[in-house]
Each structure stands twice: as C-alpha cells, then as structure tokens.
Amino acid sequence: RSKRRGRGQITVYSREIAQEMKRATQLEQALRNAIISDAIDVHFQPIVSLSNNQVVGFEALARWNDPDLGFVSPGVFVPLAEERGFIDALSETLLRKAAEAALSWPRELFLSFNLSSAQLMDPGTSGSILSILGRVGFDPHRLELEITETAVMGSADTAHRIIADLRAAGVRISLDDFGTGQSSLGRLRDFIFDKIKIDRAFVSRINSDRASEHIIKAILAMCDGLELEVVAEGIEDYAEAVKLRTLGCGMGQGYHFGRPADGIATLRFLHENYYDAAMAERVSA
Ligand code: C2E
Ligand code: MG
Ligand code: MG
Ligand code: MG
C-alpha cells in the first residue's frame, strides 16, 4: 500500500515538474519572441531631491505586457534573460530606448539604468554601452548605472575594469538595494560608487521600527563621510518623505513622488512638475 502511494506521489511530482518545465519553456519562448519583436518597453520613475521635491532624474524600468501571458515582472524575466543568454540583446534595446526618450528631458536630469550581474562579467559591456550612447547622442555624464553588490563580487576583475572604463567616460555608478543580500561594507572602500540607493526594506519601516531608523541614520552618516550621494527607495507616503528629509537624506524615489510611467506620461509629468529654468529663459529672451 505504502509502495503504491509512493509511486503515486512520484507520478504527481513528475507531472508537476513537467508542467513547471512546460511553463518555463513557454515563458522562455515568449521572452525570445518579445525581444526579437521589440515588445519590451521601458518606463520611467522619478527621483527627487528631498529638500525641495524637485525632480533630478528618472530610473528606467523594463516593462513586458505579453498578449498571452499578461504582465510579466522584470523580477522574473530579467533573471530568465540572464540565464538564457538574452540579457545583452535585451539590455542594449532598453538602453537605446531609454536614452532616446531621455533626449527630450531637460538637460540637467539624469537617466538611471539597471545593469544585471551577467553584464558585469562580460568585458564587452562598457564598449557596448558607450557606443549606444554615442549613436543616440546621449551625454555619458547624464547616465547612471545601478548595480548590486553581488554583481561586483561575481567576477571582480572584469567588473572593476568595466566600471573604471565607464566612469572614465563620465558615467556614474549607483549601488542598488543597499542593505540587502550580501552587503559588505568593504565594497565601499573600493571607491567605485558615486551613489547609494537604500533598499525599500528599511525605508518602509522608518516610522514604525526604531532599528530601521538607526540603520538609515548610520548609512547616511557613512555616506556623508565617504562623499557618496544617497537615494532612499520605495518612499510611499508623506511621513516617510518628511522623516528622510529631516535625517538629511538627499534624494528619494517611490510611489509617493510618482510611479513608473511610459515615455509620454513622463513628459506630461515633467510638464506638470518640473520648472525648466533654461526653457523659461529662452521664452523670456
Ligand atoms: P530595482 O532596480 O530595485 O527597482 C525598484 C523597484 O521598486 C521597481 O520594481 C519599482 O517599480 C519598485 N518601486 C518603486 N517605488 C516603489 C514604492 O514606493 N513601493 C513599492 N512597493 N515598490 C516600488 P520593478 O519595476 O518591478 O523592477 C524590479 C527589479 O527588476 C528592479 O529592482 C531591477 O533589479 C530589475 N529591473 C527592472 N528593469 C530592469 C532593466 O531594464 N534591466 C535590468 N538589468 N534589471 C531591471
Ligand atoms: Mg534599480
Ligand atoms: Mg533598488
Ligand atoms: Mg531591487
């Protein structure tokens, strides 16, 4: 009897595994098609200066809405693209689209773009990024690249070379999701970062959990000493924004200031929320 049930279980498991594999293959095929047919879009989320709520830049975030699969999160398809070797093709298209859109923004606003860890193991990455910027005509000084600590640990020498080449061309580097995963303060000693993005996990608890507040205070003090800029991620309400500003955090990002939106909506957002001094001067002259 028990033997039978055992076999039954094996059948159930293998059916589940087979279904799972089928789903994974469908997803992979759909992703491949989406990349080839240029169906993956880029949206933008504002990053603001907390002292005056003025927009200072936007983070580009990949968006894929598949006709059959529906909305697929970048948290799912970016890792899949990495695993299947599509990340270069995907990332190049997204960077081109993002930089083209950013050409229409006021010149003092930066574009922040996420790099995946696989890209930091490929020595061709810096050349490819700079050549895309050149073709689009986007100033490298206006680009920031967001990377995670895990990415720098992976293949340290290659990653450091890529980062050095990009920084030499004027690109700035942000450390994304700071405080999560394999955080190591030692990384900050390498001076390869210009900015730190404090993970939403701390920000969302800043007014309810004393430990999170102390951790954020410590991060801010450290960044002040190391002359690193700081962005608090995932600010969802006014109270969080006020608290972070009071603690001296320079920049913020989150639903409170604006959700990720497509290129057109981003231009509308700028029109409504951004005072363009240069434009005002041109108009009055
Ligand atoms: P990330 O770089 O840390 O991006 C921030 C994530 O937080 C985004 O999720 C954003 O939509 C979300 N977010 C922003 N403000 C708030 C808020 O106030 N509350 C909450 N709950 N969430 C907020 P998203 O767009 O789903 O992206 C997830 C991750 O996928 C990103 O995390 C990034 O690691 C990766 N990703 C997205 N686009 C790209 C891309 O073009 N290339 C690469 N390599 N990775 C990307
Ligand atoms: Mg990011
Ligand atoms: Mg982040
Ligand atoms: Mg993240």
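1. Let's start with R96: at 30% relative accessibility, R96 counts as partly exposed, where buried means under 20% relative accessible area, exposed over 50% and partly exposed in between, with a 1.4 Å probe and protein chains only. R96 is found in helix α3; helices (H or I, at least four residues) and strands (E, at least two) are DSSP runs, numbered from the N terminus.

2. Some housekeeping. This is a predicted model, in which local features need pLDDT of at least 70 and side-chain atom pairs count only at pLDDT 80 or more, while totals for chains, interfaces and linings use all residues. Residues are numbered from 1 along each chain as its sequence is written, chains are lettered from A and ligands numbered from 1 in the order in which they are written, and side-chain values use heavy atoms, with hydrogens and water left out.

3. Now the metals. E59 is buried, with a relative accessible area of 4%, whereas N114 is partly exposed at 26%.

4. The magnesium ion (ligand 3) has D176 (OD), D177 (OD), E233 (OE) and E233 (OE) as its protein donors, at 2.2 to 2.5 Å. Their residues are spaced D-D-x55-E in sequence. Distant parts of the chain are linked again: D176 is in strand β6 (residues 172–178) and E233 in the loop between β8 (229–232) and α9 (238–247), 57 residues apart. Both D176 and E233 are buried.

5. Which residue bridges the magnesium ion (ligand 2) and the magnesium ion (ligand 3)? That is D176, and the two ions lie 3.9 Å apart.

6. On to the largest pocket, which holds about 1,100 Å³ of space. On a 1 Å grid over the protein atoms alone, a pocket is an open set of points with protein on both sides within 12 Å along at least five of seven lines, a cavity is a set where a 1.4 Å probe fits but cannot get out, and lining residues have an atom within 4 Å of a point. Grid points are joined across faces, edges and corners, and a volume is the space filled by probe spheres set on the points. Of the 41 residues that line this pocket, E59, L61, P74, N114 and D176 are the closest to its centre. Elements giving two or more residues to the lining include β1 (41–49), β2 (55–66), α3 (87–102), β4 (110–114) and β6. By class, the lining has 17 nonpolar, 13 polar and 11 charged residues; Ala, Val, Leu, Ile, Met, Phe, Trp, Tyr, Cys and Pro count as nonpolar, Asp, Glu, Lys and Arg as charged, and the others, Gly among them, as polar.

7. There is also one cavity of 30 Å³ or more, and the largest cavity has about 40 Å³ of space. Its lining is A34, I35, D38, I40, A89, L90, T93 and L94, which divide into six nonpolar, one polar and one charged. Helix α3 gives the most, with four residues.

8. Two backbone spots to look at. D38 has a phi near 60°, a positive value in a residue other than glycine. D38 lies in the loop between α1 and β1 and is partly exposed at 37% relative accessible area. N53, not a glycine either, has a positive phi of about 60°. N53 lies in the loop between β1 and β2, and is partly exposed at 47%.

9. Last, helix α8 (residues 210–225). At 1.5 Å a residue its 16 residues should span 22 Å, and the end C-alpha atoms are 23 Å apart, which agrees; the expected span is 1.5 Å times one less than the number of residues. The buried residues of α8 are S212, E213, I216, I219, L220 and C223. They cover an arc of only 125° around the axis, which puts them on the same side of α8; the arc is that of the directions from the helix axis to the C-beta atoms. On the other side of α8, R210, A221 and G225 are exposed.

Notes
Donors are N, O and S atoms within 2.8 Å of the metal (3.2 Å for Na, K and Ca); water is not among the atoms, so sites may look incomplete.
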